[in-house]
Amino acid sequence: MKHLIPYLIDDQKAADDLRQLRWPNGVQCPRCRSAAVESRERCDNGLQRFNCVHCAARLGQQFAMFTDWTSSIFEESKLRPREWLLVIGLWPLKLNTTEIAAAADIQERTAQRCINLLDGGIYETYHLDPTRQLEHQVEADECYQSAGSKGLPREVERRDREPRQRGIQLRGRATAETGRPPILGLVQRRDKTNQDAPAAQVYLEVLENVRTATIKPIIAAKVKVGAQFFTDEYNIYHFTKVDYDHRTVNHGAGEYARRDPDGTCVHCNTMEGMWSGLRNFLDRFKGISQRFLHLRVARYEFLHNYKHLHWCQTFEATLRSIFSTTGDYLRRMAHQHRRMPLTLCYR
Ligand SMILES: [Zn+2]
């Protein structure tokens, strides 16, 4: 984080740094994308104001003004640019809310909102990105994560049920309804023959249940047809025979890895390793609400896929991703839950 230090000195410098990342090729009007903009005086919190010449002529002066943060997820936040820069700098370090609040010297509730905005931005722009696909050698597996209604007492009341049972194995596969939502993991193995290949690329999706009907569209969308596809013997994956070179290891018979006659290593060990990484990460939150589980999982997915890069590059990739959304996903999500005590809402 050392390169952030000069920008943390005052809000103007922080705003300048963030602007540079939002518009590396020069400031553009967020409304009409025109580059014909004039700088105006700064806001009290250090953000630069701009006037779009094109919009002023077309729509009138009142529609022509914008700032560094107009139409971004930061637009409605009261946090100052310097505080945001610090929080964004801490975000890739996989800290929980309490730790981020302490490190950035902000209120815990504020830290919670910031983190939800950042995770939500990444979920919307990175996790939901339809162009991201896995190919060559792909492993699939599922795991189950305990998640309830942490911090949402009214939610528990509304559902009118006993607190979730802990430590007791229920019969059958767990579902979101029983308090253990399944997570489907797809991972493209790292190309070991290429020194510069990025880390194994992963895609993680929180599910309601693990039925073929639930996972089939996800696999079809995320794994390129013709890839080698490795799973255990679990029958929900049988349908993948049609589009993929599907090979299974029989965990029930004690088989965890084998080499097929054509030299292919059949195992799901890359994905198994990923699960222990994800569990370590989620354990830091000391209990997690189902409503936010997919956001935290998206953060892990993003950070894992960028982990071969230097911290600076990950930081910049995060901001490029975040600035490509206006936060519509989060607004919709907040709207759906408007009657509940929601830490996600804007201030
Ligand atoms: Zn404009």
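**Close-up views of a predicted model**

**View 1. S71 is partly exposed, with a relative accessible area of 28%.** A quick heads-up before going further: this is a predicted model. S71 sits in the loop between β3 (65–67) and α3. Check its backbone too: the phi of S71 is near 60°, which is a positive value in a residue other than glycine. For background, most residues other than glycine have a negative phi.

**View 2. K286 is another loop residue with a positive phi.** The loop here is the one between α8 (269–283) and α9. K286 isn't a glycine, yet its phi is about 50°. Is K286 buried or exposed? Its relative accessibility is 66%, and the cut-off for exposed is over 50%, so K286 counts as exposed.

**View 3. Four cysteines hold a zinc ion.** Which atoms are the protein donors of the zinc ion? They're the SG atoms of C29, C32, C52 and C55, and they lie 2.2 to 2.3 Å from the zinc ion. The angles among the four donor atoms run from 103 to 116°, and the site is tetrahedral. For comparison, the ideal angle for four tetrahedral donors is 109.5 degrees. Along the chain, the donors follow the spacing C-x2-C-x19-C-x2-C.

**View 4. C32 and C55 tie together parts that are 23 residues apart in sequence.** Here we stay at the zinc ion, with C32 and C55 among its donors. Where do C32 and C55 lie? C32 is in the loop between α1 (11–22) and β1 (37–40), while C55 is in helix α2 (residues 53–59), so the pair links these two parts. C55 has 0% relative accessibility, so this cysteine counts as buried.

**View 5. Helices α1 and α3 pack against each other.** Helix α3 covers residues 81–90, and its axis is 7 Å from that of α1. The packing angle is about 55°, which means α1 is oblique to α3. As for handedness, α1 passes α3 in a left-handed crossing. Which residues meet here? From α1 come D11, A14, A15, D17 and L18, and from α3 come P81, R82, L85 and I88.

**View 6. R113 is a buried residue in helix α5.** That helix spans residues 108–127. Now find T97: R113 and T97 are 16 residues apart along the chain, and their C-alpha atoms are separated by 9.4 Å.

View 7. What is H304 in contact with, leaving aside its neighbours within four places in sequence? Look for A199, A200, V202 and M274.

**View 8. Zooming out, the protein has 11 helices and 10 strands.** How much of the protein is buried? Buried residues make up 50% of its 347 residues. Now take the contacts with a separation of 6 or more: residues 24 or more positions apart account for 64% of them.

Methods: Residues numbered from 1 in each chain as written. Predicted model: local features only at pLDDT ≥ 70, side-chain atom pairs only at ≥ 80, totals over all residues. Heavy atoms only, no water. Donors = N, O, S within 2.8 Å, 3.2 Å for Na, K, Ca; no water. Tetrahedral: all angles 85-135°; square planar, octahedral: opposite > 155°, others 65-115°. Helix = DSSP H or I, 4+ residues; strand = E, 2+ residues; numbered from the N terminus. Buried < 20%, exposed > 50% of the residue type's maximum accessible area, 1.4 Å probe, protein only. Axes fitted to C-alpha atoms, helices over the stretch in contact; angles between N-to-C directions. Parallel < 35°, antiparallel > 145°, perpendicular 65-115°, else oblique. Left-handed = near helix turned anticlockwise from the far one by under 90°. Contact = heavy atoms within 4.5 Å.
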